[in-house]
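Have the structure open as you read.

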Amino acid sequence: MSGGVPESEGSRPEGRRRTGGLRAGRLGRLLRGPRPEAVPTIVARACTLVGLLNVAAGVFPRFRNSRMHAIAEVLPGALGPFAAALALSTGVLLLLLAHGLRRRKRRAWRAAVVLLPAGAVAQFAYRHSVIGVLISLALLALLLRHPREFAALPDPRSRWRALANFVLLGAGSIVLGLVIVSVHPGRVVGDPSITDRLAHVLYGLFGLEGPVDYYGRTSWTVAYSLGALGLLTAITTIYLAFRPEHPAARLTEDDETKLRALLDKHGARDSLGHFALRRDKGAVFSPSGKAAVTYRVVSGVMLASGDPIGDVEAWPGAIERFMDEAKAHSWTPAVMGCSETGGEVWTRETGLDALELGDEAVVDVADFSLSGRAMRNVRQMVKRIERNGYETRVRRVRDLGERELERVQRAADDWRGTDTERGFSMALGRIGDPDDGDCLIATAHRIEGAARSDSGRAVLGDGWADDEPGPYGDLKAVLHFVPWGKDGVSLDLMRRDRSADPGMNELLIVAALQASPKLGIARVSLNFAMFRAALARGEKIGAGPVLRAWRGLLVFLSRWFQIESLYKFNAKFRPRWEPRFVVYRSSKDLPRIGFAAMQAEGFVTLALPRFLRRGSAQRRPCPHGAAEHEVRAA
């Protein structure tokens with residue numbers, strides 16, 4: 001027997017007291033319920049689970065008679081074998097609501113608050129299930145206890161959402177209907193073909209009797225289920241078609257005026273600043289009005305591009321407004337193509353993270369020359385094209401005549417080469433707007449039978465050929481630059497006639513660089529090269545296997561995207577490289593941000609097939625008669 005002193009309450013070891021504290025803390029958290037910020041995720045997962053079980057209960061007869069269904073019967077909305085159609089439609093609605101609840105949408109919260117009591121009443125009325133009622137009311141109480149967690153405003157929407165809903169939900173109903181028709185092999189009369197089954201589904205969605213017949217009451221179960229899917233598709237489509245539109249943000253005249261004033265004072269800081277004047281972007285301003293962030297919402301991602309516009313000291317205020325707007329709508333915030341300084345401010349003010357996306361090629365005009373071995377290929381290409389009868393002109397947009405400007409606009413539009421307009425973060429979206437008179441246009445012209453001037457440029461008679469026949473005259477290629485402060489320009493688009501000689505872009509870039517001193521231009525920003533550093537380091541001696549593998553993947557992807565080709569094209573002009581970054585909230589958001597960015601840039605389009613868009617094939621004219629354009633970077 002030990003002679004030590006017995007442990008008193010105050011002398012209990014520290015580890016034991018800590019264990020008791022942990023247990024008490026866990027009990028307290030259990031009694032308090034989940035953290036408020038975790039409620040949307042919990043509710044969304046619960047709705048997803050319940051929706052899937054309800055769909056399974058409505059579709060598969062074996063599931064309704066299994067042990068799993070005994071569990072499903074007590075969940076909200078599950079009405080068992082007596083109401084397969086209602087279970088199916090309830091399950092689909094819960095699945096549709098789950099996404100909105102996860103994104104904290106107020107409308108989804110309201111719908112769930114209505115649906116859950118209805119489910120509880122149905123549980124008690126059909127099955128007298130007290131447990132089902134309690135679970136429905138428990139989820140309802142969780143929603144009612146945390147209404148502030150579901151305060152996100154609606155996303156931009158239009159009538160096209162109704163058509164998309166009809167196509168997607170209709171296709172899903174057909175697939176689900178085929179499953180419903182085929183899961184009763186022992187009750188089917190005869191051996192109907194897949195065509196008969198498909199016809200039965202299509203008839204059933206419209207509430208009509210199809211060619212497939214069943215023994216017993218199975219025909220009623222299948223008919224009610226198909227009718228419920230068709231009715232659900234019709235109701236949701238009608239609702240989306242007739243609800244008030246909430247159009248996406250657009251740059252207003254007042255916003256554009258404010259942005260131009262900020263660019264006049266601070267436009268020299270960022271080469272992408274002028275692209276903030278795209279009219280398919282929205283803008284948020286700092287409280288002082290001295291800074292702004294422009295953005296577009298794509299697939300629930302709020303995409304900003306470049307650095308904020310305006311005074312650097314006022315950037316935090318504009319960034320805060322941007323983040324508040326993203327939070328109010330439950331959008332995923334992201335920034336594409338900001339500079340290193342911009343990335344530092346974004347990450348410091350918001351807690352977001354940044355990842356290097358690529359490099360921007362910037363040529364200092366004073367350092368550019370065609371002489372030297374490094375420029376031999378470009379020099380020879382330019383001389384060869386000039387000997388073939390081409391001449392170049394570099395002018396401000398305001399110096400072009402109305403007729404010539406119209407010809408340039410038509411050529412830029414017809415030479416685009418794609419159905420959809422590309423460009424977002426590094427593209428303006430128009431040519432020839434009266435407000436963009438400081439923009440720079442470089443054009444290449446083919447003069448047939450021309451004499452040569454001493455400089456190698458073609459001259460016809462005693463002047464330039466301006467009245468050539470045809471829609472484009474003698475025009476063969478166009479480059480468009482936007483202002484970058486008072487002494488710089490940034491490349492916007494490159495277009496050329498496919499029948500022109502190779503090297504038109506090199507010819508016009510050299511012409512623009514050589515004409516820059518007379519125009520007061522000291523720096524020219526060229527294309528953006530994505531993952532440029534990886535491509536450059538991966539081809540050097542001593543590159544590791546991981547870097548070489550990464551470069552190999554980029555080269556492989558270059559078959560479809562201009563990755564390696566843009567890097568090599570830019571490198572011809574011996575530029576300096578300025579890194580650009582993507583700013584994001586979490587690494588799990590990167591795939592979604594990447595997909596949204598590809599949509600915004602025009603590389604991925606979610607539109608109707610061309611034959612269904614004949615009625616809208618005529619392009620709506622840009623403001624002030626401006627023409628659309630091509631993206632300058634991949």
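Helices (H or I, at least four residues) and strands (E, at least two) are DSSP runs, numbered from the N terminus. This is a predicted model, where local features need pLDDT of at least 70, side-chain atom pairs count only at pLDDT 80 or more, and totals for chains, interfaces and linings use all residues. Residues are numbered from 1 along each chain as its sequence is written, and side-chain values use heavy atoms, with hydrogens and water left out.

H12 gives the most to the lining of the second largest pocket, namely four residues. Arg102, Arg103, Arg104, Ser330 and Arg585 sit nearest the pocket's centre.

Now for H9. Its buried residues (under 20% relative accessible area, with exposed over 50% and partly exposed in between; 1.4 Å probe, protein chains only) are Arg197, His200, Val201, Gly204 and Leu205. Seen down the axis of H9, they fall within an arc of 130° (from the directions from the helix axis to the C-beta atoms), so they line one face of the helix. Just after H9, Gly207 takes a positive phi of about 80°.

Last stop: Trp346, which is found in helix H13 (residues 340-350). Trp346 counts as buried, at 1% relative accessibility. Leaving out residues up to four places away in sequence, its contacts (heavy atoms within 4.5 Å) include Val293, Pro308, Ile319 and Phe322. Trp315 is 31 residues from Trp346 in sequence and 8.9 Å away in space, C-alpha to C-alpha.

How values were computed:
On a 1 Å grid over the protein atoms alone, a cavity is a set of points where a 1.4 Å probe fits but cannot get out, and a pocket is an open set with protein on both sides within 12 Å along at least five of seven lines; lining residues have an atom within 4 Å of a point.
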